[in-house]
Amino acid sequence: MARDNDDLDLDADRLREECGVFGIFGHSEAAAITTLGLHALQHRGQEACGIVTFDGARYNSERRLGLVGDTFSKREVIERLPGSQAIGHTRYSTTGGTILRNVQPLFAELEGGGFAVAHNGNLTNGLTLRRELIARGSIFQATSDSEVILHLVARSTREKFIDRFIDALFQIEGAYAFVGLTNHMLVGARDPLGIRPLVLGELDGCYILASETCALDIIGARFVRDIENGEVVVITKDGVESLKPFPRVPARPCIFEYIYFARPDSIVHGRSVYAVRKSFGAQLAAEASVEADVVVPVPDSGVPAAIGYAQAAGLPYELGIIRNHYVGRTFIQPTQAIREMGVRMKHSANRSVIEGKRVVLIDDSIVRGTTSVKIVRMMRDAGAKEVHFRISSPPITHPDYYGIDTPDRENLLAARMDLEAMRAYMGADSLAFLSVDGVYKACGYDQRDSVRPQFTDHCFTGDYPTFLTDVVGEGAKQQFSLLAEAS
C-alpha cells in the first residue's frame with residue numbers, strides 16, 4: 001500500500017527504460033552535438049550520462065552521475081572532449097547499480113586500439129557470460145551487463161575489428177542497440193528482433209546514430225532510415241557500410257516505445273509516436289466508453305491518449321491535474337501539516353474542472369498501482385462526483401528482461417489482482433484497460449498475430465521472444481560484484 005505521507009510523484013510508479021545512445025562521426029563539433037543529442041534523449045535515463053570522443057591520437061572521456069545539463073552544459077567540459085568522433089549515453093540502471101564505474105560509454109584498450117561502447121537494452125545471458133569469462137581469466141571493473149561486450153570483442157580470435165564485434169554479437173542474447181567507437185569507425189548494431197530502437201541520421205555530411213529521431217531533430221539533422229533488426233552498420237570516412245550477419249527474421253520492436261518510452265515527437269519504425277498514442281486513446285474509447293463529463297490525462301504520458309479518447313468519445317478534454325515542472329526532490333518536511341502540503345508541490349488537482357464532474361482519468365499504464373490510489377484520492381478531494389480510470393495499454397502481468405525496469409511479478413498489481421480487485425484497491429468507480437488486440441489495431445494491424453507477433457509484448461502476454469538464460473540458468477545465482485561503493 002502507498003504510504004500516507006508520500007508525495008504524489010506521478011513518476012514514482014512508472015516503468016523506466018535503461019538508456020539512450022548517440023554517436024556522430026567526422027564533425028568538428030562532435031562533443032557539443034552529442035551533448036544536444038543526449039539532451040533530447042534525457043527521458044530515456046536520468047541517473048547518469050557520459051561522452052567519449054576520439055581526436056585522432058587519444059580518447060577523451062567524461063562520465064558523471066546526474067542529468068546531461070548538470071555536466072555537459074559547461075564550456076570547460078566540452079573543451080575537454082576534443083575530436084571529430086563521439087559517442088554518448090544517458091542511463092537509467094536496470095542491470096548493475098547507479099555507480100560511476102557503470103556509467104557509459106565504457107572503454108577498453110584492445111590489441112588494435114581503443115574501443116568505446118554504449119548500450120541500450122539488456123542482455124538476458126549477461127550474468128552467465130560474465131561468470132564464464134571470469135572463470136577464463138577476464139577481469140571486470142563495472143557491474144553493468146554491457147561490459148561483457150568489451151571482453152567478448154577482446155577475446156575474439158578474428159582478425160578485423162568488425163569481425164570480432166560481430167563474433168561477440170553472436171554470443172549474446174536479449175535486447176540491444178549498440179553504438180561503438182574505434183580509432184577509425186563508428187559502429188552501430190541492433191539485436192536480431194530489433195527490440196531496442198536505433199536510427200541513422202546525417203548532418204553536414206556527417207553520419208549519426210541515435211536511439212530516437214527526436215535527437216536528430218534537436219540538432220537539425222536529416223533522418224536517413226531506421227537501422228534494421230539484426231543489422232550492423234560501419235561508418236567511416238568512406239561512408240556507411242551495412243552488414244547483416246544474422247539470419248533474417250521478422251522484426252519485433254518493443255511495444256512500450258509507443259506506449260511510454262519514446263518521446264511523442266519521435267518517429268519509431270515509420271509511425272508517429274504521438275499519433276499512435278492518440279490512436280490508443282481512441283481505441284480505448286471504442287472498447288470501454290463510460291458516461292462522463294470530462295476527460296483528464298495523468299500528466300505527462302497520458303496526454304496524447306486522453307486527447308484521442310476525448311475526441312472519439314465526444315467529451316471535453318481538460319487539464320484536471322496540474323504538474324509543477326520546476327520541483328526537484330521534495331524538501332525534508334518537519335511536521336505532518338507541512339508534509340501534507342508537500343503532496344501538492346509536484347502535482348495538484350485543478351478543482352475548477354473537477355468539482356461536481358464525472359471524470360475519466362487516462363493513464364498509459366499501471367505498474368504497482370500505488371500512485372493510482374493517490375490520483376483517485378486527489379480527484380475525490382477536488383470534488384469529483386465519479387472517477388473512472390482508463391488505461392491506454394493492457395494489464396502488465398509479467399516482468400521485463402530487455403531493458404525495462406519492472407518489479408518482480410508478485411509486485412505487479414495486475415499479476416496479483418483481477419480487474420474488480422484492482423478497481424476496489426484504487427477506489428475508482430470503474431476501471432478498464434486497452435485490450436491486447438486493441439493495441440495492435442491502434443498500430444494499424446487487424447489483430448495480434450499469435451504465431452509471429454508484430455511487437456515484443458511479453459509484459460502483457462508472457463510471450464518472451466528470446467531465451468532467458470540468466471533467469472532460468474546458472475546466471476540467475478550470480479551476483480554482479482563483491483565491491484560495495486559509497487554513494
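A crossing of two helices is called left-handed if the near helix is turned anticlockwise from the far one by less than a right angle, and right-handed if clockwise. Keep that handy for the helix stops below.

Before you click anything: this is a predicted model, where local features need pLDDT of at least 70, side-chain atom pairs count only at pLDDT 80 or more, and totals for chains, interfaces and linings use all residues. Residues are numbered from 1 along each chain as its sequence is written, and side-chain values use heavy atoms, with hydrogens and water left out.

**Stop 1: α9 and α10**

Select 273–287 for helix α9 and 303–313 for α10. Helices here are DSSP runs of H or I with at least four residues, strands are runs of E with at least two, and both are numbered from the N terminus. The α9 and α10 axes come within 6 Å and cross at roughly 45 degrees; axes are lines fitted to C-alpha atoms, for helices over the stretch in contact, and angles run from 0 to 180 degrees between N-to-C directions. The pair is therefore oblique, since angles under 35 degrees count as roughly parallel, over 145 as roughly antiparallel, 65 to 115 as roughly perpendicular and the rest as oblique. Is the crossing of α9 and α10 left-handed or right-handed? It is right-handed.

Now show side chains. On α9 the contact (heavy atoms within 4.5 Å) uses Y274, R277, K278, G281, A282, L284 and A285, and on α10 it uses P304, A305, I307, G308, Y309, Q311, A312 and A313. By class, that contact of α9 with α10 has 10 nonpolar, three polar and two charged residues; Ala, Val, Leu, Ile, Met, Phe, Trp, Tyr, Cys and Pro count as nonpolar, Asp, Glu, Lys and Arg as charged, and the others, Gly among them, as polar.

**Stop 2: α4, α5 and α6**

Pick residues 126–135 for α4 and 147–155 for α5. The α4 and α5 axes are 10 Å apart, at an angle of about 45 degrees, so this pair is oblique. Their crossing is left-handed. From α4, look for G126, L129, R130 and L133 meeting E147, V148, H151, L152 and R155 of α5. That contact of α4 with α5 has four nonpolar, two polar and three charged residues.

**Stop 3**

Zoom to Q104 and P105: the peptide bond between them is cis, with omega near 5 degrees. P105 sits in the loop between β5 (85–91) and β6 (106–110). P299 and D300 are also joined by a cis peptide bond, with omega about -5 degrees, and D300 is in the loop between β17 (294–297) and α10. Then go to D204, a non-glycine residue with a positive phi, near 55 degrees, in the loop between β10 (199–203) and β11 (206–210).

**Stop 3: a cavity**

Finish by selecting P197, V199, S211, E212, T213, D226, I267, V268 and H269, which line the second largest cavity. Its lining has four nonpolar, three polar and two charged residues. On a 1 Å grid over the protein atoms alone, a cavity is a set of points where a 1.4 Å probe fits but cannot get out, and lining residues have an atom within 4 Å of a point. The volume of this second largest cavity is about 40 Å³, meaning the space filled by probe spheres set on the points, which are joined across faces, edges and corners. The model has two cavities of 30 Å³ or more.

Methods
1 Å grid on protein atoms, 1.4 Å probe; cavity = no way out; pocket = protein on both sides within 12 Å on 5 of 7 lines; lining within 4 Å.
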